[in-house]
Amino acid sequence: MTEKNVVTAIHDALHDAMAADDRVVVLGEDVGARGGVFRVTQGFLEEFGEARVIDTPLAEGAIVGIAVGMALHGLLPVAEIEFADFIHPAFDQMVSEVARMRYRSNGDFGLPMVVRAPWGGGVHGALYHSQSVEAFFAHVPGLKVVVPSTPYDAAGMLRAAIADPDPVLFLEHKRTYRLISGEVPDEPYAVPIGPADVKREGTDLTAISYGLMLHHCLEAAARLEREHGISVEVVDVRTLNPLDRETILASVRKTGKAMVVYEDNRTYGAGAEIVATIAEEALFDLDGPLVRIGGPDVPAMGFATNLEHAFLPDVDLIAARMLELARF
Amino acid sequence: MATRLTRRTSPEALGLSADDLRSMYRTMVTARLVDEAAFRLNRQGKAPFVVPVSGHEGCQVGTAWALERGRDVWVPYYRDVGVVLVAGMTPYDIFLGLFAKADDPSSGGRQMPNHWGSRRLGIISHSSPIASQLPHAVGIAYAIRYRGEDAVVGSWFGEGATSEGIWHEALNFAGIHRLPVVFVCENNRYAISVAQNKQMAIEDVADRAAAYGFPGVVVDGNDVLACYAAMKEAVARARAGEGPTLIEAKTYRYFPHTSDDDDRTYRSREEVEEARRRDPIRRFERVLLDLGVLTASDPEQIAAEIKEDVERRIDEAWAAPDPDPATLYRHVFAEPVDP
């Protein structure tokens with residue numbers, strides 16, 4: 001075991017995958033000479049050479065579309081979109097091509113490829129370096145969308161994503177990159193795509209989250225235990241598509257109360273789907289209202305520190321809503 | 001500026017035997033007759049949607065002929081009946097797609113007709129958004145070179161596709177890495193109804209190749225041998241590691257964009273009639289008659305034979321099973337392999 005932060009865990013897992021299998025190539029803006037703007041591919045160019053570490057032109061549609069072609073012809077591309085905010089020019093490739101290739105060819109063609117994209121706020125990223133894009137893509141059948149939030153999950157799920165016969169959108173929360181550290185095994189291991197994970201066990205209510213908000217939930221849960229003796233179970237969704245309904249529902253049935261916390265704009269966000277699932281499947285197990293905490297329905301967070309804070313749900317807000325729900 | 005390929009090359013100099021020439025001719029006639037039958041089936045209410053090829057047979061068969069089955073990769077677009085026939089699809093396959101049958105090799109009846117694909121034949125599945133297949137062709141070409149193979153990718157599209165940003169992105173990347181891919185623009189002067197002068201300020205799409213650092217060639221798309229000559233040279237360059245070529249074949253489509261289009265709203269009958277006088281099939285026929293590869297009675301007899309076969313394949317395809325609605329949920333993701 002080694003203590004690592006999220007970005008180092010991703011770097012190391014990707015490095016190991018490249019070292020183990022020469023079908024794995026990385027492509028994207030600044031992944032070569034610069035080693036990635038977040039340093040995820042630091043040292044790769046020197047070690048693996050420019051045929052496998054491809055600095056691309058500034059063209060996200062081509063980054064994804066060329067990865068499609070590579071995946072069709074025996075490679076295992078890991079494409080990087082520098083910031084999730086810049087994935088929109090590739091939306092057609094992601095939705096019309098990546099997600100539909102297997103279905104439209106009746107299973108004849110598959111796309112073993114990964115698209116990595118750093119997402120989320122809390123880094124002074126303002127409107128175009130802070131976005132949450134998961135809901136756009138989790139809505140699309142044929143695309144796996146994962147949102148690991150710890151070093152252990154990030155490294156393990158990246159291995160699973162590279163080994164997956166289908167395309168995976170691998171979303172890495174930027175704020176967690178260097179904020180969150182944890183123990184990571186030195187031997188290769190995989191964390192399967194699909195299953196959610198109970199990150200903290202509890203009995204009074206269930207908080208369901210992912211990304212930076214997961215860590216806020218864990219902190220709020222610890223505070224409630226300490227200050228009020230309230231036991232909060234925290235479920236890390238980890239994979240948004242396919243969604244692990246069973247783990248979520250089992251937790252909600254146990255505690256009888258549920259809240260979903262996400263930083264994307266609240267309306268039509270992933271939390272809406274999770275809350276709807278609970279309402280459909282576990283309504284009569286509930287002892288309190290379903291609570292949904294999301295970012296406000298404004299285009300994005302501002303650059304000014306106080307505007308950014310005003311956008312993002314924080315530990316105080318989450319703890320207050322937890323307390324309210326627990327006492328309902 | 002793009003090169004204009006105007007020199008006459010004899011079939012012999014191109015390495016084409018009399019059998020090759022007859023096969024090329026038969027493939028062109030097959031494409032035309034498949035098209036005519038499909039429109040008839042549309043009017044009969046048996047084929048909900050038809051994408052015609054007529055007029056494009058010369059540039060499609062001519063360019064596709066320079067690739068090799070089992071070795072090279074085909075990335076066509078929806079009008080490429082001629083290309084996929086050369087790649088190994090049969091009229092039966094095409095009619096299975098037209099009727100959306102379970103055995104449609106492209107999609108099992110999921111996609112609209114003419115959205116080709118077959119792993120076995122090396123034809124890459126494509127969608128409807130225009131030019132979306134271009135980066136796939138380039139990515140495949142990258143993988144070919146990465147794996148040390150000597151295959152070449154052929155990529156076909158209309159001039160309308162060249163307005164899309166992704167078209168530029170794909171050609172730019174191919175140029176940077178000098179990849180083994182040939183881009184073939186079938187310029188029929190209309191993006192559905194939008195005439196070329198409303199699509200671009202230039203006369204020749206092939207001029208754009210200069211911006212990507214590889215050659216652009218303009219060729220008469222109604223001259224199948226000229227198209228073959230241009231493609232053969234481009235494929236040889238690509239195989240030799242000398243990078244991509246953009247070939248622009250000037251052609252025309254005789255029918256509306258699709259069976260749902262009415263081209264009388266945007267082009268005159270006189271213009272269509274004028275274009276039909278340059279029919280690539282009639283033109284090739286004259287060449288083959290002059291060469292003695294065909295005799296005077298051959299064209300009629302060949303057409304009759306193909307027509308009979310086409311009619312038989314239509315009946316067989318019509319009788320083939322429809323997709324099972326229970327398969328709706330299959331192939332969203334890979335299915336577990338039986339142990």
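Q: Which residue is the bridge partner of B:Val75 in strand 3 of chain B?

A: The general idea is that strands of a sheet pair through backbone hydrogen bonds, either parallel or antiparallel. In this structure, which is a predicted model, B:Val75 has B:Ser155 as its bridge partner in strand 3 of chain B. A second bridge of this kind links B:Trp74 with B:Gly154. Taken as elements, strand 2 (residues 73–75) and strand 3 of chain B pair in the parallel sense, over 3 bridges.

Q: How many bridges join strand 3 of chain B to strand 4 of chain B?

A: Strand 3 and strand 4 (residues 181–187) of chain B run parallel and are joined by 6 bridges. Along this pairing, B:Val153 has B:Val181 as its bridge partner in strand 4, and B:Gly154 stands opposite B:Val182. On the way from one strand to the other there is a helix to look at: strand 3, helix 6 (residues 165–177) and strand 4 of chain B make a right-handed β-α-β unit.

Q: In what order do the strands of the open sheet in chain B stand?

A: The open sheet is formed by 6 strands of chain B in the order 1-7-8-4-3-2, and the pairing is parallel. Strand 1 (3–4) and strand 2 of chain B stand at the edges with a single partner strand each, so one side of each has no neighbour in the sheet. Further inside the order, strand 4 is joined to strand 8 (residues 245–250) of chain B by 6 bridges, with the two strands running parallel. In that pairing, the bridge partner of B:Phe183 in strand 8 is B:Leu246.

Q: Which residues of strand 3 of chain B lie on one side, and which on the other?

A: In a regular strand the side chains alternate between the two faces of the sheet. For strand 3 of chain B, one side holds B:Val153, B:Ser155 and B:Phe157, the other holds B:Gly154, B:Trp156 and B:Gly158, and all of these are buried, which leaves both faces covered. Counted along the strand (residues 153–158), 6 of its 6 residues are buried. Strand 4 of chain B is largely enclosed by the rest of the structure, because 7 of its 7 residues are buried. Its faces are both covered too, with B:Val181, B:Phe183, B:Cys185 and B:Asn187 on one side and B:Val182, B:Val184 and B:Glu186 on the other.

Q: Which residues touch the most other members of the largest nonpolar core?

A: In soluble globular proteins, nonpolar side chains tend to be buried together. The largest nonpolar core here has 206 residues, and A:Met322, B:Val138 and B:Ile247 touch the most other members. Helix 8 (residues 224–239) of chain B gives the most to this core, with 11 residues. Domain 1 (2–184) and domain 2 (197–326) of chain A each contribute at least three residues to this core. For a closer look at one member, and leaving aside its neighbours within four places in sequence, B:Val138 is in contact with A:Ile66 and A:Gly69 of chain A, and with B:Ala170, B:Phe173, B:Ala174, B:Leu179 and B:Val181 of chain B.

Q: Where do the buried residues of helix 4 of chain A pack?

A: The buried residues of helix 4 of chain A are A:Asp92, A:Gln93, A:Met94, A:Glu97 and A:Val98. They pack against helix 3, helix 5 and helix 6 of chain A.

Q: How many residues of domain 1 of chain A are in contact with domain 2 of chain A?

A: Between the two domains, 24 residues of domain 1 are in contact with 24 residues of domain 2 of chain A. The side of domain 1 that touches domain 2 divides into 10 nonpolar, 10 polar and 4 charged residues.

Terms used. Residues numbered from 1 in each chain as written. Chains lettered and ligands numbered in written order. Predicted model: local features only at pLDDT ≥ 70, side-chain atom pairs only at ≥ 80, totals over all residues. Core = buried A, V, L, I, M, F, W, Y, C linked by C-beta atoms within 7 Å. Buried ≥ 20, exposed ≤ 12 C-beta atoms within 10 Å, placed from the backbone. Helix = DSSP H or I, 4+ residues; strand = E, 2+ residues; numbered from the N terminus. Domains from an automatic or database assignment. Contact = placed C-beta atoms within 7 Å. Pairing = 2+ DSSP bridges. Right-handed = clockwise from strand over helix to strand, strands pointing away. Nonpolar A, V, L, I, M, F, W, Y, C, P; charged D, E, K, R; others polar.
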